[in-house]
Amino acid sequence: MAEQKILKLGNPNLRKEALEYPPDWIGSDSFEKLLLDMRETLRASGGIGLAAPQINILYRVVVIDIVNPNTRYGTIELSPFEVYINPKIYILEKETEGFWEGCLSVPGMMGYVERPKKIRIDYLNRKGEPKSKVAQGFLSTVFQHEFDHLDGILYVDRISDPKLFSFEDEYKEFHV
Ligand code: ZN
């Protein structure tokens, strides 16, 4: 297990559609290695979510790990380490809510993005069991941001007002 290099904005692999993760690979040695690499990379970076394509593995796997409620996004709901394989999103409330987002692939920057406020996600967990979860508020944004990576979409594509794109320091100085 090892911390992996995170691809940055401009790398074409961040813009590719990731493949479905074959369910019969779940539990294999390469699967467990992928999870360890993703967990280690996420923890080392201090982020809250990581999609496999960000470490150049073009499969539909995301990890989210919110164990400390105090983040650069303010105080947020906890969501301890969990793996989301082949996730699908269903919008439960079309009404949108906006948050400032950052991304490990776009270091040092923040941008304001509006997304549907309430969603349901269906996915396979790390044991390959089908699961479903409803999310709203900031957590809904976290899932949508991470799952967008699986379709080659970055949050910068979704910033509706270019004036609300900022370096992190200027965000803290002028936008909080
Ligand atoms: Zn991201």
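Reader: By the ring-pairing rule, how many aromatic pairs does the count come to?

Author: Rings of Phe, Tyr and Trp (its six-membered ring) pair if their centres lie within 6.5 Å; planes under 30 degrees apart count as stacked, over 60 as edge-to-face and the rest as tilted. By this rule the count comes to 13 aromatic pairs. One of them is the tilted pair of W100 and Y171, with 4.9 Å centre to centre and 45 degrees between the planes. The model is predicted: local features need pLDDT of at least 70, side-chain atom pairs count only at pLDDT 80 or more, and totals for chains, interfaces and linings use all residues. Residues are numbered from 1 along each chain as its sequence is written, and side-chain values use heavy atoms, with hydrogens and water left out.

Reader: Where do W100 and Y171 lie in the chain?

Author: Helices (H or I, at least four residues) and strands (E, at least two) are DSSP runs, numbered from the N terminus. W100 belongs to strand β5 (residues 79–101) and Y171 to helix α3 (residues 168–174), so that this pair links distant parts of the chain, 71 residues apart. Buried means under 20% relative accessible area, exposed over 50%, and partly exposed in between (1.4 Å probe, protein chains only). Both W100 and Y171 are buried.

Reader: Why is the pair of Y155 and F165 edge-to-face?

Author: The ring planes of Y155 and F165 stand at 70 degrees, with centres 6.5 Å apart, so the pair is edge-to-face. Y155 is in the loop between α2 (137–149) and β8 (165–167), and F165 is in strand β8, so the pair ties together parts 10 residues apart in sequence. Y155 counts as buried at 1% relative accessibility, whereas F165, at 34%, counts as partly exposed.

Reader: Which residues lie over the faces of F81 and Y90?

Author: A charge sits over a ring if NZ of Lys or CZ of Arg is within 6 Å of the ring centre and within 35 degrees of the ring normal. R39 lies over the face of F81, at 4.5 Å from the ring centre. For Y90, the residue is R120, at 4.5 Å from the ring centre.

Reader: Which are the protein donors of the zinc ion?

Author: Donors are N, O and S atoms within 2.8 Å of the metal (3.2 Å for Na, K and Ca); water is not among the atoms, so sites may look incomplete. Here the protein donors are C103 (SG), H145 (NE2) and H149 (NE2), at 2.1 to 2.3 Å from the zinc ion. Their spacing along the chain is C-x41-H-x3-H. C103, in the loop between β5 and β6 (109–124), and H145, in helix α2, are 42 residues apart. C103 is buried, with a relative accessible area of 4%, and H145 counts as buried at 6%.
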